[in-house]
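The exercises below ask you to read a protein model step by step. Try each task with the structure open before you turn to its solution.

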Amino acid sequence: MATTELKSDNLFEMIKFHLATDAGKYLTKKIGLVFQINIAPKKIGIDEVSYVVDLKKGEVTKGTYEGGKPDATFYFNDDDFVKVATGQTNPQVAFMRGMMKIKGSLSAAQKFTPDIFPKPAKM
């Protein structure tokens, strides 16, 4: 596992706080799936850091999923994940362009939407 600090590390902290809000609790109840997200500093598959976004329990943890198999696993490089998480790139477009790879249930993967990510604050 990589020891490099990723731009996306902060985003996962924000997701953790977002899931504790009323909107996050609603998502947990509505989606009820477990996503594992593997982030590589540069190239997918090399020095990946794993995160689990558990929308059954409303938790975000660093490391691989230990409760069996996640419903879907996503693979990104750090910059592309930031683009998807901040709404600059649609997840479906990222998949079609090869910016994101998916393993597991495609129907579960389709529930990986921008709603999971906190909205940026308006100034």
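**Exercise 1. Find which element gives the largest share of the lining of the largest pocket.**

Solution. The largest share, three residues, comes from α4, where helices (H or I, at least four residues) and strands (E, at least two) are DSSP runs numbered from the N terminus. A pocket is defined on a 1 Å grid over the protein atoms alone, as an open set of points where a 1.4 Å probe fits, with protein on both sides within 12 Å along at least five of seven lines, and its lining residues have an atom within 4 Å of a point. The lining consists of Phe74, Pro91, Gln92, Phe95, Met100, Ile102, Leu106, Ala109, Gln110 and Phe112. The elements that contribute two or more of these residues are α4 (91–96), β5 (100–104) and α5.

Before going on, note that this is a predicted model, in which local features need pLDDT of at least 70 and side-chain atom pairs count only at pLDDT 80 or more, while totals for chains, interfaces and linings use all residues. Residues are numbered from 1 along each chain as its sequence is written, and side-chain values use heavy atoms, with hydrogens and water left out.

**Exercise 2. Locate the salt bridges and describe their partners.**

Solution. A salt bridge is a side-chain nitrogen of Lys or Arg within 4 Å of a carboxyl oxygen of Asp or Glu, and the structure holds two.

- Step 1: Lys7 pairs with Asp79, their closest N and O atoms being 2.4 Å apart. This pair links distant parts of the chain, since Lys7 lies in the segment before α1 and Asp79 in helix α3, 72 residues apart.
- Step 2: Lys7 counts as exposed at 51% relative accessibility, whereas Asp79, at 37%, is partly exposed (buried means under 20% relative accessible area, exposed over 50%, partly exposed in between, with a 1.4 Å probe and protein chains only).
- Step 3: Glu13 pairs with Lys16, with the closest N and O atoms 3.5 Å apart. Because they are three residues apart in helix α1, about one helical turn separates them.
- Step 4: Glu13 is partly exposed at 38%, and Lys16 is partly exposed at 36%.

**Exercise 3. Which residues does Phe81 contact, leaving aside its neighbours within four places in sequence?**

Solution. With contact meaning heavy atoms within 4.5 Å, the partners of Phe81 are Ser8, Leu11, Phe12, Ile37, Ile39, Phe76, Phe112 and Phe117.
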